[in-house]
Amino acid sequence: MTQHNQYGQPIGFALPDWQPAIFPPAAILTGRFCHLTPLQLNHAPALFAAFLLAPDDRDWTWLGASQPQSLAEMNDWIANKIGDRGLVSYAVIDQANLQAVGAVCFANIDVQNGAIEIGHVTWSPLMQRNVLGSEALYLLLQHAFALGYRRVAWRCDSLNRASRRAAERIGFSFEGRFRQAMTRKQRNRDTDWLSIIDGEWPPIQQALSQWLAVENMDQHGRERQKLRCFFSAN
């Protein structure tokens, strides 16, 4: 029900107990198939090798950076993320071999208002079309809401349909499109915004945890039921 103030004006619902969220600490987030650890320069060799497995650089089309072409460029790419105080950067480590296979960040961190973004999502071919990417995002979502955030956002180039589909698949809701929001690589970018808010998280968490559970996902990451089945059940 919409609330009103003493003037009869509609106002947002009350948050009498609201306290600012916690800035994400440097922590290891552990799942069954991967864990996330603070990104470091020593991850450069494994990440460079993983990204080189792609036949071309099409995975970098909509990213702000271009694919590093040497280990030195990979070091610079990592150093830029580590040095950006607005980011909390993670390497995604495959539990099977303890090698770095991707990177991701918390960005646009607003502790006062409890809003945070999952961004800079850079998966190598070793993370694509398997359980690693979904579990990594689940770990980030779980961490963000546990730290007290009310909103976790995802934004992508409106032409990057794969990114939007990946977000919607794990429970993000499309909010809208900011036209001509950015320029990127000398091109226009319209930005699609998606989010999960705290009231939506419990059923999303349940669906994701059931999908990732031993009863549904074997040790090789082969699912018995699709993720959408758990969303429809909840």
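Where is the place of His-120 in this model? The place of His-120 is in strand S7, where strands are DSSP runs of E with at least two residues, helices are DSSP runs of H or I with at least four residues, and both are numbered from the N terminus.

## Basis of the model

The structure is a predicted model, in which local features need pLDDT of at least 70 and side-chain atom pairs count only at pLDDT 80 or more, while totals for chains, interfaces and linings use all residues. Residues are numbered from 1 along each chain as its sequence is written, and side-chain values use heavy atoms, with hydrogens and water left out.

## Overall form

The protein chain comprises 6 helices and 10 strands. Its radius of gyration is 19 Å, close to the 17 Å that the globule rule gives for 234 residues, so the chain is as compact as a globular protein of that length; the radius is taken over C-alpha atoms, and the rule is 2.2 Å times the number of residues to the power 0.38. Along the principal axes, the C-alpha atoms fill a box of roughly 65 × 45 × 30 Å. Of the 234 residues, 44% are buried, a class defined by under 20% relative accessible area, with exposed meaning over 50% and partly exposed in between (1.4 Å probe, protein chains only).

## The sheet and strand S7

An open sheet of 8 strands with mixed pairing runs in the order S3-S4-S5-S6-S7-S8-S10-S9, two strands being paired if DSSP finds at least two bridges between them. Its edge strands, each pairing on one side only, are S3 (29-30) and S9 (173-184).

Within this order, strand S7 (residues 115-123) has 7 of its 9 residues buried, so S7 is largely enclosed by the rest of the structure. S7 runs antiparallel to strand S6 (residues 99-110), to which 6 bridges join it; among the bridge partners in S7 are Trp-123 for Gly-102 and Ala-115 for Asp-110. The hairpin of S6 and S7 has 4 residues between the strands, and in this hairpin Gly-114 takes a positive phi near 70 degrees. With strand S8 (residues 151-157), S7 pairs in the parallel sense over 3 bridges, and Val-152 in S8 is the bridge partner of Ile-116. S7, helix H3 (residues 131-146) and S8 make a right-handed β-α-β unit, right-handed meaning that, with the strands pointing away from the viewer, the path from the first strand over the helix to the second runs clockwise.

## Individual residues

Most residues other than glycine have a negative phi. His-120, although not a glycine, has a positive phi of about 55 degrees, and at 36% relative accessibility His-120 counts as partly exposed. Leu-98, also not a glycine, has a positive phi of about 60 degrees; Leu-98 is found in the loop between strand S5 (88-94) and S6 and is exposed, with a relative accessible area of 57%.

Gly-171 lies in the loop between helix H4 (161-169) and S9 and is buried, with a relative accessible area of 14%. Gly-171 and Leu-208 are 37 residues apart in sequence and 9.0 Å apart in space, C-alpha to C-alpha.
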